[in-house]
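Dear colleague,

Please find below the structure that I am handing over to you. I would be grateful if you could look through it before reading the notes.

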Amino acid sequence: MDLTKIVSISGRPGLYQIKSQAIGKIIVESVVDGKCSPAFARERMSSLEEISIFSTDDDRPLKEVFMMIHEKMGDKVDFDFKKASNDELREKFAFVMPDYDEEAVYPSDMKKVFQWYQMLNDKGLLDFTEKPENQEETPETPAEKAE
């Protein structure tokens, strides 16, 4: 799952796909409505690949959290995250990611994660067939084969 070309732009709703680059700006396409627009260098953009969620151990990359949501809830988030109370958001997020840092991850962050997951999955932009980099199979060494 490659999230490098999907960005969140501060001050703009939704998510955007990077389509092309020019001097001082990039052309982005809204994931929601497909409209293209320029995004300038002065605007704060965050690639979803760079976003991580605080946990009690190491921070988890957003793509790993999306995989966890997919494993626990499937293709559709099983509740209305737009109308959910803060307690319900915390409960659902703990179900998906039990080790999240309760003091550092706010309900607004949880809502955004569920919203982004649903939006990207509905548009077919998430690929759950890949293994995360840290779970790749390693070939056996001759010593391991002999045991």
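This is a predicted model: local features need pLDDT of at least 70, side-chain atom pairs count only at pLDDT 80 or more; totals for chains, interfaces and linings use all residues.

Residues are numbered from 1 along each chain as its sequence is written, and side-chain values use heavy atoms, with hydrogens and water left out.

Aromatic rings

A search of the whole structure finds five aromatic pairs. Rings of Phe, Tyr and Trp (its six-membered ring) pair if their centres lie within 6.5 Å; planes under 30 degrees apart count as stacked, over 60 as edge-to-face and the rest as tilted. One of the pairs joins phenylalanine 66 and tyrosine 117, which are tilted at 55° between the planes, with 5.9 Å from centre to centre. Phenylalanine 66 belongs to helix 1 (residues 62-73) and tyrosine 117 to helix 3 (residues 107-122), so the pair ties together parts that are 51 residues apart in sequence. Helices (H or I, at least four residues) and strands (E, at least two) are DSSP runs, numbered from the N terminus. Both phenylalanine 66 and tyrosine 117 are buried, where buried means under 20% relative accessible area, exposed over 50% and partly exposed in between (1.4 Å probe, protein chains only).

Phenylalanine 93 and tyrosine 100 form an edge-to-face pair, 5.3 Å centre to centre and with 90° between the planes. These two residues are also both buried. Together with Phe79 and Phe114, Phe93 and Tyr100 form one aromatic cluster.

Helix 2

Phe93 is among the buried residues of helix 2 (residues 86-96), which are Leu89, Lys92, Phe93 and Val96. The exposed residues Asp87 and Glu91 are carried by the face of helix 2 turned away from its buried side.

The largest pocket

A pocket is an open set of points on a 1 Å grid over the protein atoms alone, where a 1.4 Å probe fits, with protein on both sides within 12 Å along at least five of seven lines; lining residues have an atom within 4 Å of a point. The largest pocket is lined by 21 residues, of which Ser8, Ile51, Asp109, Lys112 and Trp116 lie nearest its centre. Helix 3 supplies the largest share of this lining, six residues.

Yours sincerely
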